[in-house]
Structures are given as C-alpha cells and as structure tokens.
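Dear colleague,

Please find the structure below, together with its sequence. My notes on it follow.

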Amino acid sequence: MSALFTPIKLRGLALANRVMVAPMCQYSAENGEANDWHFTHINTLALSGAAMFCIEATHVEAIGRITPGCLGLWNDATEAALKPILASVRKHSKTAVAMQIAHAGRKGSSHVPWNGGQLIPISEGGWQTVAPSAVPHKEGEAAPLALDAAGLARIRDAFASAAKRADRLGIDALEVHGAHGYLLHQFLSPIANKRTDQYGGSLQNRMRYPLEVFDAVRAAFPADKPIGVKVSATDWVEGGWDLAQTIEFAKELKKRGVDWIDASSGGVSPLQKIPLSPGYQVPFAQAIKEAVGVNTIAIGLITEAKQAEEIVASGKADMVALARGMLYDPRWGWHAAAELGGQVQAPPQYWRSQPSTQKALFGTTTFGAR
C-alpha cells in the first residue's frame with residue numbers, strides 16, 4: 001500500500017491521504033476580498049486529489065498585506081467574499097479546506113510579482129509598514145515603524161479575530177504563517193529583530209511574540225480543529241535564524257498543542273543563498289520531526305509521485321505539500337494515486353476519465369446509459 005495515500009488524523013480532522021495543496025498567493029484580491037479568480041483557482045485545486053487544500057496567505061489587517069492584491073480576512077466584506085467560494089467547494093469536493101493566516105510586516109506594501117515585486121512608496125499608493133524594529137528589508141528602502149505595545153496587541157487580536165472568522169466560514173484547519181520573512185519570522189530572526197525589550201535579544205525573547213500570537217489563535221479556534229505553523233527553518237544567512245533555533249521554537253509550539261510544522265526556509269534577507277535542488281527542504285522537516293516528535297509537512301520542489309512517496313514512507317515527514325507542481329498539473333493527486341496504487345475521490349461528473357487500467361482509482365464507481 002502507498003504510504004502517501006494512507007490516512008492521517010489531525011485532532012478531529014481525518015484526512016484520506018498525506019497530500020496538501022500548499023497555500024499560494026494569487027495577488028488578485030480587491031481590498032482583500034476574494035473574487036472570480038479565487039473561485040476558479042480554489043475550486044479547480046479542490047479537485048486535485050489532495051486530502052487538504054490550503055487557502056493562500058490571508059492577511060489579518062490591511063497593512064499586513066504583501067501587495068494591494070493580497071487576500072484578507074479582517075472585516076465583514078472580506079469574510080463575505082469567501083462564502084460562495086467555500087460553498088461551491090463543499091458542494092463538489094470532499095477535500096478539507098485550511099487557511100494560512102498571515103501578516104507581512106516590513107515586506108508589505110509591495111508591487112505584485114509580475115510588476116517587479118518591489119516596495120511601493122507611500123507617495124505612489126503604498127502604506128507605512130510595521131515590523132519588530134525600524135530596519136528595512138533591503139538597503140535603501142524606507143524603514144518600517146517599530147511596533148509598540150499597542151501595535152503588538154492590535155495585531156495579536158487581529159490574528160485571533162481572523163481565526164474566529166475562519167471558523168464561521170467553516171474552515172477546517174489553520175496554518176499560522178511564521179516563515180518567508182513576514183512579520184512573525186521577523187520577530188524570530190536576529191537579522192530583522194533588533195529590539196531591546198522582552199521581545200528581542202535572546203532566543204526566548206525573540207520567540208515570545210510569535211508564541212503569543214499562536215496562543216491567541218489557538219484560543220480563538222475550536223479545540224477539535226487543528227492549527228499548524230509554517231516556519232523558515234533557516235535564513236540561509238550567517239548569523240540569522242537557523243535549524244537549531246527552529247527546533248527550539250517547534251518544542252515550544254508542541255507544548256502549546258501545535259498540530260504540524262510546515263518546514264520551509266528563507267525570505268527574511270535578500271542576502272540569502274539558497275542551494276535549490278529537488279526536495280532541498282525535506283531535511284528540515286525530518287530534523288524537526290526527529291528532534292521534537294511533532295507532525296511535519298515537507299515542501300519545496302517536490303514534483304514527482306515516487307519522490308513524495310519516499311518522503312512519507314521513510315518517515316522524513318508526515319505529509320507533503322505541493323504548490324507549483326499543482327498549478328502545472330491540477331490533477332497531480334489523481335496521477336500520483338494511479339502511479340502508486342492509491343485511491344482518490346473525484347466527482348461523478350469526472351468518473352469516466354478513470355483510465356481503463358485503473359478501475360479502482362476513484363473507488364467504487366458506476367456509470368450507465370440507455
């Protein structure tokens with residue numbers, strides 16, 4: 001039996017396989033509100049065969065967006081915009097729907113990637129960003145404002161509020177974004193965090209605010225629904241955040257009941273040097289799993305079914321998440337199951353696509369005509 005297509009349980013959420021569609025920013029929202037692009041994107045990938053689909057980084061306040069086109073969940077309008085999309089997913093798919101909640105911090109107010117992705121000055125429609133310290137992401141950029149006690153409380157409460165809205169929408173799981181150089185990662189990394197109060201300096205102090213945010217989200221979301229955290233396991237910069245510190249952070253999260261660690265890397269500094277290769281981040285998931293004993297999700301240039309199978313079967317991670325591979329092949333889960341001898345769910349409208357050599361790919365199916 002394929003390890004990739006065996007079930008896993010995360011709190012009260014039972015998943016039929018170990019594949020997740022990773023959260024992928026679409027940079028296509030308006031005032032944080034989802035629209036017809038999200039309807040098409042989410043509904044398409046909800047039929048991928050993955051047991052869980054994670055909605056892209058969904059920002060907890062307007063100035064927490066990466067770009068003006070980023071998705072949000074901070075008011076009634078952003079909440080309402082997601083309702084018809086989720087209703088459609090539930091009608092046609094049995095995939096679990098997760099949501100990644102996020103705040104971009106000093107990496108906010110950026111142009112969308114296809115327009116260069118650089119900082120938008122306030123004079124050109126951008127906004128004043130915030131961060132642990134008044135240190136710009138790139139040399140020559142305008143500095144963010146260092147968050148004071150009121151700002152820290154506002155954002156922590158915004159994460160909790162977004163969690164409550166997500167529950168009202170029927171979201172099955174949450175992932176707190178603590179990676180890729182965004183706000184919570186900025187607190188963790190000594191590259192971005194130069195504070196001298198209780199939120200800066202020592203590892204314990206740098207972890208304090210991200211842990212407070214996790215606690216607030218956990219308290220606001222139903223106890224039977226799982227919450228994971230995405231981390232950058234290393235900054236890929238000397239003197240920055242690294243795997244050893246990530247393991248200590250994961251240990252603290254485990255004490256607080258985290259349900260998975262999604263192990264990515266990089267994003268906090270343009271000086272990073274990342275050695276890209278297939279599965280290059282898998283060793284991070286494995287190291288965290290072995291040291292902490294928590295569920296891990298492996299990500300990063302995982303594209304082949306046998307590659308994903310080996311990761312799970314060998315115990316390097318409990319699940320895999322695919323992003324670009326899913327965009328390129330929106331039925332990746334089907335094709336992986338066919339190759340590995342697994343089984344996936346598909347809507348009856350598509351049952352006739354089952355290959356003649358794969359009669360059990362979609363389970364028990366019938367199709368008749370007169």
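A charge is taken to sit over a ring if NZ of Lys or CZ of Arg is within 6 Å of the ring centre and within 35 degrees of the ring normal. By that criterion, Lys107 sits over the face of Tyr182, 4.9 Å from the ring centre, and Arg331 over the face of Trp334, 5.0 Å from the ring centre.

Please note that this is a predicted model, in which local features need pLDDT of at least 70 and side-chain atom pairs count only at pLDDT 80 or more, while totals for chains, interfaces and linings use all residues. Residues are numbered from 1 along each chain as its sequence is written, and side-chain values use heavy atoms, with hydrogens and water left out.

As to the fold, 8 strands form a closed barrel with parallel pairing, in the order 3-4-5-8-9-10-11-12. Strands are DSSP runs of E of at least two residues, helices runs of H or I of at least four, both numbered from the N terminus; two strands pair if DSSP finds at least two bridges between them. Strand 10 (residues 260–264) and strand 11 (residues 296–298), for example, are joined in the parallel sense over 3 bridges, and Asp262 has Ile297 in strand 11 as its bridge partner.

Turning to charged side chains, the whole structure contains 16 salt bridges, each defined as a side-chain nitrogen of Lys or Arg within 4 Å of a carboxyl oxygen of Asp or Glu. Asp259 takes part in a salt bridge with Arg11, with the closest N and O atoms 2.9 Å apart. Asp259 lies in the loop between helix 6 (243–255) and strand 10, and Arg11 in the loop between strand 1 (8–10) and strand 2 (13–15), so this pair ties together parts 248 residues apart in sequence. Asp259 also meets Arg218 in a salt bridge (3.7 Å, N to O); Arg218 belongs to helix 5 (residues 203–220), and the pair links parts that are 41 residues apart in sequence.

For accessibility, buried means under 20% relative accessible area, exposed over 50%, and partly exposed in between (1.4 Å probe, protein chains only). Asp259 is buried at 10%, as is Arg218 at 11%, whereas Arg11 is partly exposed at 31%.

Within helix 6, Glu252 and Lys255 form a salt bridge, with the closest N and O atoms 3.0 Å apart; the two residues are 3 apart, about one helical turn. Lys255 is exposed, at 63%. Elsewhere, a network of salt bridges links Asp76, Glu79, Arg165 and Arg168.

With kind regards
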